[in-house]
Amino acid sequence: MTKKPMVWMDGVLMEQEKAVVPLMTHALHYGSGIFEGIRIYDTPKGKAVFRLTEHMARFLDSGKVLCMNIPYTVPQLCEAVKDVVRATVPEADYIRPIAYYGANAQGKITLNPAVFPLHVAIACATMGTYLGVESMENGCRVATSSWKKPSHESTSLTAKICGNYVNSILAKLESNQRGVEEALMLNQNGTVAEGPGENIYIVRKGKIITPPISAGILEGITKDSILTIAKDLGIEVVEREITRSEIFICDEFFFSGTAAELTPVRSLDERTIGTGKPGPITKMLQKAFFEAARGQNPKYDSWLSYINK
Ligand code: PMP
């Protein structure tokens, strides 16, 4: 019999098709959930989860912003993730933990989440190459979105709150309509923030430049990995605001994220970036990133949680 997708829901492993959510779930109506996205890689020592502890720590931090009392510790959540990965289909390469306000037993409708039960679940998915193999190898095409990122005064951008992602969805729809692979989002100051689900970097004169947290971005865990690798390779990194027009004249441009991994960008708003091919720094970092994630560089072994240990 073929294996069925399994999920972990409120402490119990079950078949995904049985993990159904009631219609009056608060998070369905108002986006009152928080989530993570985590990758599973095949390594010489079997399957490993990339930077699991950091993702589950950010999960609890996101919950704190929405005043969720998530009744699990980081180590307990990490064990639950490993249990799901072991139990589920072997082709799964992505993990989706979510905590959300559910349905009120009295059928109450109110914005106040405090009167709704909190649920925590962990599912897996098969994602493959998020922006496509062609984008990963030759670079993707990007268009600046007309939708701006909200400011730090409008929402918490350091928390992965479900409702925040409507902004990303609008940008994604727009880029799809324009026939390109991804969007670039500006912030309320008009400088560059990030992609709908990716951090961004440019390379100018051999230096990596990337926007700081104050530019309205998520504190990416892939970004932390890439910047660590860049520093280890002796590449200078500058964190400062970037303008859209500076991207037009940069030498290299790339995205990072759990889904996008390290994807080069070959054009922005129909202007070719650099030579139109992934540049040397992008290629060097992409190679080093995949070696780290796939357990091929012992230096970064502490980033991997092996599931058969
Ligand atoms: N920005 C946004 C808005 C995101 O949703 C993501 C994906 N989590 C990222 C950046 C990249 O973060 P990470 O590398 O932690 O996946």
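**Salt bridges, helix packing and surface in a predicted model**

Visitor: Which residue forms a salt bridge with Glu261?
Guide: This is a predicted model, and in it the closest N and O atoms of the pair are 3.7 Å apart. The partner of Glu261 is Arg39.

Visitor: Is Arg39 buried or exposed?
Guide: Buried means under 20% relative accessible area. Glu261, at 6%, counts as buried. Arg39 has a relative accessibility of 4%, so Arg39 too counts as buried.

Visitor: How many residues apart in sequence are the parts that Arg266 and Glu134 tie together?
Guide: The side chains of Arg266 and Glu134 meet in a salt bridge at 3.9 Å, N to O. Arg266 lies in strand β15 and Glu134 in helix α4 (residues 133–138), so the parts tied together are apart in sequence by 132 residues.

Visitor: How many salt bridges does a search of the whole structure find?
Guide: Besides the pairs above, Asp42 forms one with Lys47, where the closest N and O atoms are 3.2 Å apart. Over the whole structure, the search gives a total of 23.

Visitor: Are α6 and α8 roughly parallel or roughly perpendicular to each other?
Guide: Helix α6 (residues 221–232) and helix α8 (residues 280–293) pack with their axes 10 Å apart, at an angle of about 115 degrees. The range of 65 to 115 degrees counts as roughly perpendicular. α6 passes α8 in a right-handed crossing. The two helices, α6 and α8, are therefore roughly perpendicular.

Visitor: Is Lys205 buried or exposed?
Guide: Most residues other than glycine have a negative phi. Lys205 has a positive phi, near 50 degrees, and lies in the loop between β11 (199–204) and β12 (207–210). Its relative accessibility is 78%, and the cut-off is over 50%, so Lys205 counts as exposed.

Visitor: What is the relative accessible area of Glu270?
Guide: Glu270 also has a positive phi, near 65 degrees. Glu270 lies in the loop between β15 (261–268) and β16 (271–272). Glu270 counts as exposed, with a relative accessible area of 81%.

Visitor: What is the area of the nonpolar surface patch that includes Met24?
Guide: Met24 is found in the loop between β2 (12–15) and α1 (26–30) and counts as partly exposed, at 39% relative accessibility. Leu23, Met24, Leu28, Tyr30, Ile109 and Leu111 make the patch, with an area of about 680 Å².

How values were computed
Residues numbered from 1 in each chain as written. Predicted model: local features only at pLDDT ≥ 70, side-chain atom pairs only at ≥ 80, totals over all residues. Heavy atoms only, no water. Patch = residues over 30% accessible without salt bridge, like charges linked within 9 Å, V, L, I, M, F, W, Y side chains within 5 Å. Areas by Shrake-Rupley, 256 points an atom, 1.4 Å probe, with all protein chains shown as cover. Salt bridge = Lys/Arg side-chain N within 4 Å of Asp/Glu carboxyl O. Helix = DSSP H or I, 4+ residues; strand = E, 2+ residues; numbered from the N terminus. Buried < 20%, exposed > 50% of the residue type's maximum accessible area, 1.4 Å probe, protein only. Axes fitted to C-alpha atoms, helices over the stretch in contact; angles between N-to-C directions. Parallel < 35°, antiparallel > 145°, perpendicular 65-115°, else oblique. Left-handed = near helix turned anticlockwise from the far one by under 90°.
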